[in-house]
Number of protein chains: 2
Amino acid sequence: MKYVTTKAELEAERLNWEKDGKTVGFVPTMGALHEGHLSLIRKARTENDMVIVSIFVNPLQFGPDEDYDAYPRTIDMDKALAEKEGTDVLFVPPVAEMYPQPPYNKVSVIKGTDVLCGKSRPGHFDGVATVVLKLFLLTRPNRAYFGQKDAQQVAVVKNMVNDFHLPVEVIASPTIREKDGLAMSSRNKNLTSEEREDATTLFSHLKIAEDRLRSGETNITELEAEMKRSLHNATSGTVDYLEILSFPSLTKELKDKQVIIAAALQFSKARLIDNIIIDI
Amino acid sequence: MKYVTTKAELEAERLNWEKDGKTVGFVPTMGALHEGHLSLIRKARTENDMVIVSIFVNPLQFGPDEDYDAYPRTIDMDKALAEKEGTDVLFVPPVAEMYPQPPYNKVSVIKGTDVLCGKSRPGHFDGVATVVLKLFLLTRPNRAYFGQKDAQQVAVVKNMVNDFHLPVEVIASPTIREKDGLAMSSRNKNLTSEEREDATTLFSHLKIAEDRLRSGETNITELEAEMKRSLHNATSGTVDYLEILSFPSLTKELKDKQVIIAAALQFSKARLIDNIIIDI
């Protein structure tokens, strides 16, 4: 595995592969790799000739009061894990390499951010779309892999790829969970042990909502409100949202063939999100 | 010359060239080609193996009260001219090919639009940057050619290329002028004959300001105001702006090695812009 920190080193690798007609799978991450990331790397490994993993905690996607500084950073462990899974290039640019000058441009996400995380994290998805565009242009992958846990992020990236005609296939992989159901997330490291116990209630409530929908519940507004109340009572965290939306369009009107039940819980030092997507 | 209207046809050509390692020059235009455009095509022709010219009147860069509908469209003439200059592919997508769905994303230009055209045309450069990004991703040129008449556009595109790590060299070519000094522009077609006579005063005033600067004038604010008054008195058009700025940074503070003197005149059905860039 090559460990590269500059655009120039990455480009040198990339040009070699291009000459040889190699296909490239790309797994963009913010590091603190867990089994969820590793499942993406493994998938990329089986579907492409070469695999690039990036680790970049992107300041642009953190709000001023968010956890940029506290976001877990475990680079030595990450290196070992990425190498073990057969990564060819691990790209770990410093901030000044990705943003060498105060930017003149950003990607603005102008639709679909009035729900879920978009609503409570203004500017977050502009930061995500901007850095993903930059990373796609630097890595030029055939396929890029994202976790379905970040469902709105997947939607944002897929829409951007369509809008800007990027030649990348965006692949979303199922959420990987701890034995007790908690979705794996780098931010789980920032839970206190009490909060860690509490946190399982996030997924349980999504499951209850899922059961209710599968049993034919049609009053979505009431179900949302009831689940939100119940989740509020079950945890020391603050319920940021619990929403049931059409998927992938993320609209209130259930016009697609799937529905997403998604929720976010804010704990003392970690904001957790999770979702379940079901056919209707 | 191949005349193509779909992304798929363009991509087929592009992939062939890629296989053969051909370099590509790209001249994006809104059509109504004149000698200014042709000079860009000729430059692209000498510097690259293959030349793509696009004609697309991009609705996104026109404000609601601007001249989208009235913008000159002369496609048969354009085809003949592009072919004569040795264009390999003329890409003329319909609006629905470039914007098949209401977009979820745009490029936002977040710096440098508080001066010149950016000030009076809010959203204009977002539209420019967005469509240029899309066209760059579709045509994947080694070099792209723009007229220096649209100086702020050149700055916006160069900044975007830097910000997003696009592998394109952006080349700005000198403004081509009519014998009486009027900068060539597709919009000149929309001048009445009286306005056409009047319009020469735009460049004359830039020249006067240039002479004054070369003669050592240092009171920029006073020179701007004086030139603006004089231009106002000399034309039936409305002076949108006359500004003297550092170039290429487009700041009031003269920190670069060049200065741009730029002005815009609004006539009944045409808004004309022009500029002179000088070393200081």
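Let's start with one pair. Arg187(A) forms a salt bridge with Asp67(A). Their closest N and O atoms are 2.8 Å apart. Keep in mind that this is a predicted model.

Now, where does that pair sit? Chain A is assigned two domains. Domain 1 runs 2-173, and domain 2 runs 186-272. That puts Asp67(A) in domain 1 and Arg187(A) in domain 2. How many salt bridges does the rule find across the interface of the two domains? One.

Other polar links are there too. Between domain 1 and domain 2 of chain A, seven residue pairs are in polar contact, counting pairs with both residues at pLDDT 80 or more.

Next, which helices of domain 1 touch domain 2? Helix H5 (116-120) and helix H7 (151-164) of chain A each supply at least two residues of that side. By class, the domain 1 side has ten nonpolar, seven polar and two charged residues.

The contact takes 19 residues from domain 1 of chain A and 14 from domain 2 of chain A.

Now the area. Domain 1 and domain 2 of chain A bury about 1,400 Å² between them. Carbon and sulfur atoms give 58% of that. Which three residues supply more than any other three of the area domain 1 buries against domain 2? Pro72(A), Val115(A) and Leu116(A), with 35%.

So much for the tour. Then look for Pro72(A), Val115(A) and Leu116(A) on the domain 1 side.

Technical notes. Residues numbered from 1 in each chain as written. Chains lettered and ligands numbered in written order. Predicted model: local features only at pLDDT ≥ 70, side-chain atom pairs only at ≥ 80, totals over all residues. Heavy atoms only, no water. Domains from an automatic or database assignment. Contact = heavy atoms within 4.5 Å. Buried area = accessible area lost by both parts, 1.4 Å probe. Salt bridge = Lys/Arg side-chain N within 4 Å of Asp/Glu carboxyl O. Polar contact = N/O pair within 3.5 Å; in protein donor to acceptor, adjacent residues only side chain to side chain. Helix = DSSP H or I, 4+ residues; strand = E, 2+ residues; numbered from the N terminus. Nonpolar A, V, L, I, M, F, W, Y, C, P; charged D, E, K, R; others polar.
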